[in-house]
Amino acid sequence: MSDSRSDTQVFLMDPDQRGIIPLDGLHISRSLRKFIRKSNWTVKYNNDFVSVIRACAAPDDGRESTWISEGLEHLYIALHQAECAYSVGVYDGETLVGGLYGVCLGGAYFGESMFSDKTNASKVALVALVKALTEAGFTLLDTQFLTPHLASLGGVEISRAEYQRRLSTALEKIAHFPQMTIPVSALSRENSSG
């Protein structure tokens with residue numbers, strides 16, 4: 001992480017309590033489930049990584065600065081080119097309206113950031129991510145910290161020791177992130193926990 005967009009220093013986080021979303025524990029509210037079922041949006045896996053990370057780094061309402069420094073942006077783009085970092089984009093027609101990106105190692109996906117330019121777009125991206133990770137054999141979705149937004153979607157905190165145990169198991173797996181495009185409405189048949 002960095003402290004701002006212009007920060008030249010990078011630091012790693014290893015909190016006492018780690019945020020994760022159990023892949024079998026994603027909570028999809030009734031209203032989100034209904035939205036997904038009727039949506040005409042599209043999800044594109046690993047289609048336009050650069051646009052997704054730049055949207056995540058852009059200033060937003062109530063957030064004038066970001067932890068994604070220009071140096072980190074370039075690093076993540078290099079990781080993407082090395083097939084270690086992947087994105088999920090949500091599109092309304094041809095317009096990117098939400099998404100997320102992260103880094104993959106073995107069967108672990110380390111969620112780095114998400115954005116939403118339209119209501120529900122980042123939630124849809126997360127539902128799509130969990131679908132892809134589950135189908136590909138991933139076992140760990142790391143969110144680093146637990147925000148109220150992530151908690152409302154089923155995120156939990158676990159101890160550093162429990163996290164390290166789960167990470168060790170996940171790193172032994174071989175899983176591959178997909179590159180595909182699906183209609184958002186296809187997600188209504190997946191991740192049905194409520």
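1. A crossing of two helices is called left-handed if the near helix is turned anticlockwise from the far one by less than a right angle, and right-handed if clockwise. In this predicted model, helix α2 (residues 49-57) passes helix α3 (residues 70-81) in a right-handed crossing, where helices are DSSP runs of H or I with at least four residues, and strands are runs of E with at least two.

2. Residues are numbered from 1 along each chain as its sequence is written. Because the model is predicted, local features need pLDDT of at least 70 and side-chain atom pairs count only at pLDDT 80 or more.

3. The axes of α2 and α3, which are lines fitted to C-alpha atoms, come within 10 Å and cross at roughly 155 degrees. The two helices are therefore roughly antiparallel to each other, a term used for angles over 145 degrees.

4. On the α2 side, F49, V50, I53, R54 and A57 meet E73, Y76, I77 and H80 of α3, contact being heavy atoms within 4.5 Å. These residues divide into 6 nonpolar, 1 polar and 2 charged.

5. Among the 6 aromatic pairs of the structure, in which ring centres lie within 6.5 Å, Y86 and F177 have centres 5.0 Å apart and planes at 25 degrees, so the pair is stacked, that is, with planes under 30 degrees apart. Y86 lies in strand β3 and F177 in the loop between α6 and β8, 91 residues apart, and both are buried, meaning under 20% relative accessible area.

6. F177 also stacks with Y109, at 5.7 Å centre to centre and 20 degrees between the planes. Ring pairs link Y45, Y86, Y109 and F177 into a cluster.

Methods. Heavy atoms only, no water. Axes fitted to C-alpha atoms, helices over the stretch in contact; angles between N-to-C directions. Parallel < 35°, antiparallel > 145°, perpendicular 65-115°, else oblique. Nonpolar A, V, L, I, M, F, W, Y, C, P; charged D, E, K, R; others polar. Phe/Tyr/Trp six-rings, centres within 6.5 Å; stacked < 30°, edge-to-face > 60°. Buried < 20%, exposed > 50% of the residue type's maximum accessible area, 1.4 Å probe, protein only.
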